[in-house]
Amino acid sequence: MAGKNHNFFKGKVIVDLSHPVGSQSPQWPYFPQPEITRAHGLAKSGVLTQFFKMPMHCGTHADSPRHVIETEFCGRRARYTHEMDLEAYCGDAVCLDLSHLEQWTLIKAEHMDEALAKTGVTHEELKDMIVIIYTGMAEQWDDSKQYYHYATGVGASVGHWCVKHDIKALGVDQQALDHPLHTSIAEKCAGHLAMNLEGYSGLPLKDEYIAKFGAEEYAHFDRDMYKEIHGESAYRDLYGLVEDKGLCNGTWEPCHKLLLGNGKVGWENVGGNVAKIAGKRCTIIGAPLNLYCGDGSMTRLLAIIDDDQLNHVPDRVYPFGDH
């Protein structure tokens, strides 16, 4: 919920952009479920003490460079969470409203430009700003194919856009900093991690995507197909840097690698009341836990926005507590 005003934040509202975390929190398809246990209870011990065990990438969280690459593009060893500057997670921000896009769309630079123009923020102002993408997928937060398989998502084009405009960080209200078919959910881009999951039809997601969007669009997720359809030169333009610097198949999580390889952090599963800031400027604070050698961290992601700029939409309700 939006926080109450105090003198320190006079005229402003604090908006929670985080999904709540609990034992039933939705997890990436091959992650274990969170474990929350009680060591002491009030009736017997007079104190309540609980323990939790969960991935560093549970719920709303920030990825660190070491999560996806060995070496950042500048040549230094990829940094862990404790090595990142806190300022990387805080700053002036703009939330781009892309909720009009058809679900499962691969978001591209032109979509970012169109949404940015509606906010009044110029490309020149983007330098060192945080960009949050709102697609409406946050409202689908659940252990479901709808959320994980069929998410609208970004890819190499958006990664290049972020680097070109030198933004500070990117947050998405989706399952990952890449479209699901750029991840291990897909057929083969993730190598031995590839799960090649089926869609609602019982067919592989590849077949469903081609039927819906066509082979030319699906080729973004398949290196050989992209080269065959669009040519080697076009592949190098879009995926060559990822392949050269990331030392991997260029279609495997390209936005992750372009962001984190350039020292720009990213939040996944942005949620809570993110609809309240869609299309607006604000300030973002989303620092991770100070996890030594962490590859990511759960985050209480907050937006601070002028009271008169807040979108007047209902407060987010989680019918099952944490989803």
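Modeller: The second largest pocket holds about 260 Å³ of space (a pocket is an open set of points on a 1 Å grid over the protein atoms alone, where a 1.4 Å probe fits, with protein on both sides within 12 Å along at least five of seven lines; lining residues have an atom within 4 Å of a point; points are joined across faces, edges and corners, and the volume is the space filled by probe spheres set on them). This is a predicted model, in which local features need pLDDT of at least 70 and side-chain atom pairs count only at pLDDT 80 or more, while totals for chains, interfaces and linings use all residues. Residues are numbered from 1 along each chain as its sequence is written, and side-chain values use heavy atoms, with hydrogens and water left out.

Of the 15 residues lining the second largest pocket, D16, S18, H19, P20 and R300 are the closest to its centre. That lining comprises six nonpolar, six polar and three charged residues (Ala, Val, Leu, Ile, Met, Phe, Trp, Tyr, Cys and Pro count as nonpolar, Asp, Glu, Lys and Arg as charged, and the others, Gly among them, as polar).

The largest pocket has a volume of about 500 Å³. Among its 29 lining residues, Y30, H67, V68, W252 and E253 are the closest to the centre. Helix 8 (232–246) and helix 9 (254–261) are the elements that give two or more residues to this lining (helices, H or I of at least four residues, and strands, E of at least two, are DSSP runs numbered from the N terminus). By type, the lining of the largest pocket divides into 13 nonpolar, eleven polar and five charged residues.

Turning to the strands, strand 8 (residues 265–268) has both faces covered: V265 and W267 on one side, and G266 and E268 on the other, are all buried (under 20% relative accessible area, with a 1.4 Å probe and protein chains only). Strand 4 (residues 61–63) pairs with strand 8 in the antiparallel sense over three bridges (pairing requires at least two DSSP bridges), and W267 is the bridge partner of A62. Strand 7 (residues 169–172) runs parallel to strand 8 and is joined to it by three bridges; here L170 stands opposite G266.

In helix 5 (residues 205–213), the buried residues are L205, K206, E208 and Y209. Seen down the axis of helix 5, these fall within an arc of 165°, so they line one face of the helix (the arc is that of the directions from the helix axis to the C-beta atoms). They pack against helix 6 (215–218) and helix 7 (223–230) (contact means heavy atoms within 4.5 Å). Just after helix 5, G214 takes a positive phi of about 95°.

How values were computed: Buried means under 20% relative accessible area, exposed over 50%, partly exposed in between (1.4 Å probe, protein chains only).
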